[in-house]
Amino acid sequence: MIWEVFRQEQAGEYHTHCGNVHAPDREMALLFAQIQHARRKPTNSLWVVPQAEVSAVDADTDDVEFGGTTDKSYRWVSAYNVDVEFAEEIETSDREQRKAEGER
């Protein structure tokens, strides 16, 4: 039976997939995981999961789209018109507002 191994380097961090081990049961899988994936690397904890229990969706084979494919360019400054005249107009307006506030 194949067991997928997830390793956490330090407490509070995410567990990340680091490989798999072949073992007949969970206890042996944990032992093999310690030997193969935690012996030489800093490790706080290990998870083992039977490979058959892992479900997956793959964008290449399942014809699905994940986040990050929609256009959100409006979130970036490069999507806006920042010509010099417009910037000068804003600067002039700011100056006028500061002057008006100073006269109060």
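1. **Surroundings of His37.** In this predicted model, His37 touches Val5, Arg7, Cys18, Gly19, Asn20, Val21, Phe32 and Thr43, leaving out residues up to four places away in sequence. His37 itself sits in helix H1.

2. Is His37 buried or exposed? Its relative accessible area is 11%. The cut-off for buried is under 20%, so His37 counts as buried.

3. Three strands form an open sheet, in the order S2-S1-S3, and the pairing is antiparallel. The edges are strand S2 (16–22) and strand S3 (45–50), each of which pairs on one side only. From one strand to the next, the twist averages 30°.

4. **Helix against sheet.** Helix H1 spans residues 26–38 and packs on the sheet. H1 touches S1, S2 and S3. The direction of H1 makes about 120° with that of S2.

5. **Strand S1 and its partners.** S1 covers residues 2–8. Six bridges tie S1 to S3 in the antiparallel sense. S1 and S2 also run antiparallel, again joined by six bridges. Trp3 has Pro50 of S3 as its bridge partner, and Arg7 stands opposite Thr16 in S2.

6. **Burial of S1.** Why is S1 largely enclosed by the rest of the structure? Of its seven residues, five are buried, so the rest of the structure largely encloses this strand.

7. **Nonpolar core.** Which residues make up the largest nonpolar core? The nine are Trp3, Val5, Val21, Ala23, Ala29, Ala33, Ala38, Leu46 and Val48. S1, H1 and S3 each give two or more residues to this core. H1 gives the most, with three. As background, nonpolar side chains in soluble globular proteins tend to be buried together.

8. **Contacts of Trp3.** Trp3 belongs to that core. Setting aside neighbours within four places in sequence, Trp3 is in contact with Gly19, Asn20, Val21, Ala23, Asp25, Arg26, Ala29, Val48, Val49, Pro50 and Gln51. Val21, Ala23, Ala29 and Val48 from this list are core residues too.

9. **Where the points meet.** Val5 and Val21 deserve a look. Both are core residues, and both touch His37. Gly19, Asn20 and Val21 are among the contacts of His37, and they are also among those of Trp3.

Definitions and conventions: Residues are numbered from 1 along each chain as its sequence is written. This is a predicted model: local features need pLDDT of at least 70, side-chain atom pairs count only at pLDDT 80 or more; totals for chains, interfaces and linings use all residues. Side-chain values use heavy atoms; hydrogens and water are left out. Two strands pair if DSSP finds at least two bridges between them. Helices (H or I, at least four residues) and strands (E, at least two) are DSSP runs, numbered from the N terminus. Axes are lines fitted to C-alpha atoms, for helices over the stretch in contact, and angles run from 0 to 180 degrees between N-to-C directions. Contact means heavy atoms within 4.5 Å. Buried means under 20% relative accessible area, exposed over 50%, partly exposed in between (1.4 Å probe, protein chains only). A nonpolar core is a set of buried Ala, Val, Leu, Ile, Met, Phe, Trp, Tyr and Cys residues joined through side-chain atoms within 4.5 Å.
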